[in-house]
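Me: I would like to understand how the terms used for a protein structure follow from their definitions. May I put some questions to you about the model shown here?

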Amino acid sequence: MASLLSNPERLERARRHYRSCGLCEHRCGADRDAGERGPCKAGPIARVYKQRVEYGEEWELIPSHLFYLSGCDLRCGFCVAGINAFDARRGHPLTAEFLAEAIERSREQGVRTLQWVGGEPTIHIPAILDAMAPCDDLPPVVWKSDFHGTPEAFALLDGIVDVYLADFKFGNDACARRIAGVHNYVAVLTRNLCTAARQGDLIVRHLLLPGHFDCCFRPMVAWLAANLPGARFSIRDGYLPSWQADRHAELARPLAPGDADRAYELAAGARLRTIE
Ligand code: SF4
């Protein structure tokens, strides 16, 4: 990975997006270096609003050092990160020195993976690659993403990311448009899932949303069973209303009793590889 990361052509290709950005499928073309801002509101500096060592999520990734970057290209009303996800001015600037020092400390805690999360890391790929490039001997890289990136963005990650952790949030375009403010969601996300499965390990994660079993969860399971039956599938059943969830009546409450059991049964019936 070290030689791929220090490849000047790749780094330059990444930086060009800060002059005419096409990292996510908004494809707004913002000149972020010149102060323009697209729907994600991010500039050319990635900022870490939180970092911590995670011991409690997918067991095969932990302990994992998570770096939370502010700014996101989606606007999910139920976002647990709230304002930190949407205000790209929050946090400590990400630099190679900052990253190297943080990783050095977490090695002592037995960290197995380095994980980029958000907000959304894809909108910050140039800054992330620049920060990682000088670092020797990084742990395997996990990319936790909304998977709304462009093929160009995924090409920049090829050979550098070891595990893609995809948030498959919605099973249809209407829910994605209403709740997250994006168009053409399913086609973009499923295209990127196929790309990630070719480029590295793939874990598909879904946070069960109240009232979205038939419209979102059921078609998602059907798509995975038909197209990526070997992908590991992580069902998260701890939904609690956060941020502006009460703008959507069905999201203003926790999951109903039995919703999680129904989800696990459907996934098992479709022979998906569910993981803890
Ligand atoms: S990452 Fe931000 S600036 Fe780049 S295309 Fe998407 S919304 Fe526009």
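Me: Which residues does Tyr-164 touch, not counting residues up to four places away in sequence?

Reply: In this predicted model, Tyr-164 touches Trp-143, Ala-196, Gly-200, Asp-201 and Leu-202, with residues up to four places away in sequence left out. Tyr-164, Trp-143 and Leu-202 are also among the residues with the most contacts inside the largest nonpolar core, which has 79 residues. To this core helix H5 (residues 125-132) gives the most, namely six residues.

Me: Why is Asp-137 called exposed?

Reply: Asp-137 has 8 other C-beta atoms within 10 Å. A residue counts as exposed if the number is 12 or fewer, and therefore Asp-137 is exposed. Asp-137 is found in the loop between H5 and strand E5 (141-145), and has a positive phi of about 55 degrees although it is not a glycine.

Me: What makes Lys-41 partly exposed?

Reply: For Lys-41, 17 other C-beta atoms lie within 10 Å. Buried requires 20 or more, exposed 12 or fewer, and partly exposed lies in between; therefore Lys-41 is partly exposed. The place of Lys-41 is in the loop between helix H2 (8-15) and E1, and its phi is positive, about 65 degrees, although Lys-41 is not a glycine.

Me: What kind of peptide bond joins Ile-62 and Pro-63, and where does Pro-63 lie?

Reply: The bond between Ile-62 and Pro-63 is a cis peptide bond, with omega about -5 degrees. Pro-63 lies in the loop between strand E1 (47-54) and strand E2 (64-69).

Technical notes
Residues numbered from 1 in each chain as written. Predicted model: local features only at pLDDT ≥ 70, side-chain atom pairs only at ≥ 80, totals over all residues. Core = buried A, V, L, I, M, F, W, Y, C linked by C-beta atoms within 7 Å. Helix = DSSP H or I, 4+ residues; strand = E, 2+ residues; numbered from the N terminus. Contact = placed C-beta atoms within 7 Å.
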